[in-house]
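Please look over the sequence and the structure shown below before reading on.

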Amino acid sequence: MRQELIDECLERIWVLAEAGPLSPDALLARHPHFLTEENLQVLRELGLVDLSPGQVRLTSMGRTKAREIVRSHRLAERLLVDVLGMDDRRIEEEACTFEHNLTPGIVDSICTLLGHPRFCPHQQPIPDGECCRRELDSVAALVTALSALRVGETATVAYLNSTNFPRIKKLYAFGIVPGVTVELLQRSPAYVLKVEETQVALESCLAADIFVRRCPSGR
């Protein structure tokens, strides 16, 4: 069983397990070409999964490995969208290629570069790493929280970091969408942004959902 196939199987088990307990039948139904009975047995023999009656679970070693793969994949998606501006429809395939070729050190550097994002472009959680816990600053963050801007500084909205659809919908209604340029006019008592020719006042909870790329000029 090739290492890439092992990685793909572990990643798919992790992703499906995020929704709740897994049965062998559910795995086989969702991914019949990857998670075959034969492949599950190989993963069990490698000590990566437990196959108890009616349930499939990652072992401690399997969880560690799957966590690394999912972290690499979702950070690769953020890099492709936030930095390279790649179309959302293309990122899945490209991220799959990235995830198998990134060393842990490179993954941590990408994470730091992006400002330790919590969610991928599809709003799935990105497992944190040592760099997140230590808050490494060896690479200046390219993508940062709106709150890190100085008053008068301009930036481009990179992404909206929330799983709360009503809040996302409200920000979109204000014209605050990925790619738009904003200027921070005020922090208190509310955040005030200039969005194109309009001034928008935001509560702190809404402002906290906005992550931006600083403009090269800074102002």
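Leu48 sits in the loop that runs between helix 3 (37-45) and strand 1 (49-52). The model is a predicted one, and what follows describes that prediction, topic by topic. Leu48 counts as buried because its relative accessibility is 8%.

- Beyond its neighbours within four places in sequence, Leu48 makes contact with Ile6, Leu10, Leu43, Arg57, Leu58, Thr59, Met61 and Gly62.
- The C-alpha atom of Leu48 is separated by 49 Å from that of Glu153, a residue 105 places away along the chain.
- Ser72, which belongs to helix 4 (residues 60-83), is likewise a buried residue, because its relative accessibility is 6%.
- Setting aside residues within four places in sequence, Ser72 is in contact with Glu99, Leu102 and Val107.

## Nonpolar cores

- The largest nonpolar core has 20 residues, and those with the most contacts inside it are Leu146, Val157, Ile176, Leu193, Leu202 and Ile210.
- At least two residues of this core come from each of strand 4 (154-160), helix 8 (165-173), strand 5 (181-186), strand 6 (191-195), strand 7 (198-202), helix 9 (204-207) and strand 8 (210-214).
- Apart from this core lies another one, of 19 residues, which includes Cys9, Leu22, Leu27 and Ile69.
- Leu193 touches Leu146, Ile176, Glu183, Leu184, Leu185, Thr198, Gln199, Val200, Leu202 and Ile210, when residues up to four places away in sequence are not counted.

## Strand 4 and its partners

- Strand 4 is largely enclosed by the rest of the structure, because seven of its seven residues are buried.
- Strand 4 pairs with strand 5 in the antiparallel sense over three bridges, and in this pairing Thr154 has Glu183 of strand 5 as its bridge partner.
- Strand 4 also pairs with strand 8, again in the antiparallel sense, over five bridges, and here the bridge partner of Leu160 is Ile210 in strand 8.

## Salt bridges

Side chains of opposite charge can pair when their charged atoms come close. The structure holds eight salt bridges, and several of them are described here.

- Arg12 forms a salt bridge with Glu8, with the closest N and O atoms 3.4 Å apart; the two residues are separated by about one helical turn, because they lie four residues apart in helix 1 (residues 3-17).
- Within that pair, Arg12 counts as partly exposed at 22% relative accessibility, whereas Glu8 counts as buried at 11%.
- Arg74 forms a salt bridge with Glu18, and the closest N and O atoms are 3.0 Å apart.
- This pair links distant parts of the chain, since Arg74 is in helix 4 and Glu18 is in the loop between helix 1 and helix 2 (24-30), 56 residues apart.
- Arg74 is buried, with a relative accessible area of 5%, while Glu18 counts as partly exposed at 36% relative accessibility.
- Asp209 forms a salt bridge with Arg167, in which the closest N and O atoms are 2.8 Å apart.
- Asp209 lies in the loop between helix 9 and strand 8 and Arg167 lies in helix 8, so the pair ties together parts that are 42 residues apart in sequence.
- Asp209 counts as buried at 3% relative accessibility, whereas Arg167 is partly exposed, with a relative accessible area of 27%.
- Arg150, Glu153 and Arg214 are linked in a network of salt bridges.

## Cysteines

- The count of disulfides comes to zero, and Cys111 is in none, the nearest cysteine sulfur being that of Cys132, 3.5 Å away.
- That separation of 3.5 Å between the sulfurs of Cys132 and Cys111 is too far for a bond, and Cys111 is buried, with a relative accessible area of 0%.

## Backbone exceptions

Most residues other than glycine have a negative phi, and most peptide bonds are trans.

- Ser188 and Pro189 are joined by a cis peptide bond, with omega at about 5°, and Pro189 is placed in the loop between strand 5 and strand 6.
- Gln123, although not a glycine, has a positive phi of about 65°; Gln123 is in the loop between helix 6 (104-113) and helix 7 (130-134) and counts as partly exposed at 23% relative accessibility.
- Glu196, also not a glycine, has a positive phi of about 55°; Glu196 is found in the loop between strand 6 and strand 7 and is exposed, with a relative accessible area of 60%.

Note on methods
Residues are numbered from 1 along each chain as its sequence is written. This is a predicted model: local features need pLDDT of at least 70, side-chain atom pairs count only at pLDDT 80 or more; totals for chains, interfaces and linings use all residues. Side-chain values use heavy atoms; hydrogens and water are left out. A nonpolar core is a set of buried Ala, Val, Leu, Ile, Met, Phe, Trp, Tyr and Cys residues joined through side-chain atoms within 4.5 Å. Buried means under 20% relative accessible area, exposed over 50%, partly exposed in between (1.4 Å probe, protein chains only). Contact means heavy atoms within 4.5 Å. A disulfide is a pair of cysteine sulfur atoms within 2.5 Å. Two strands pair if DSSP finds at least two bridges between them. A salt bridge is a side-chain nitrogen of Lys or Arg within 4 Å of a carboxyl oxygen of Asp or Glu.
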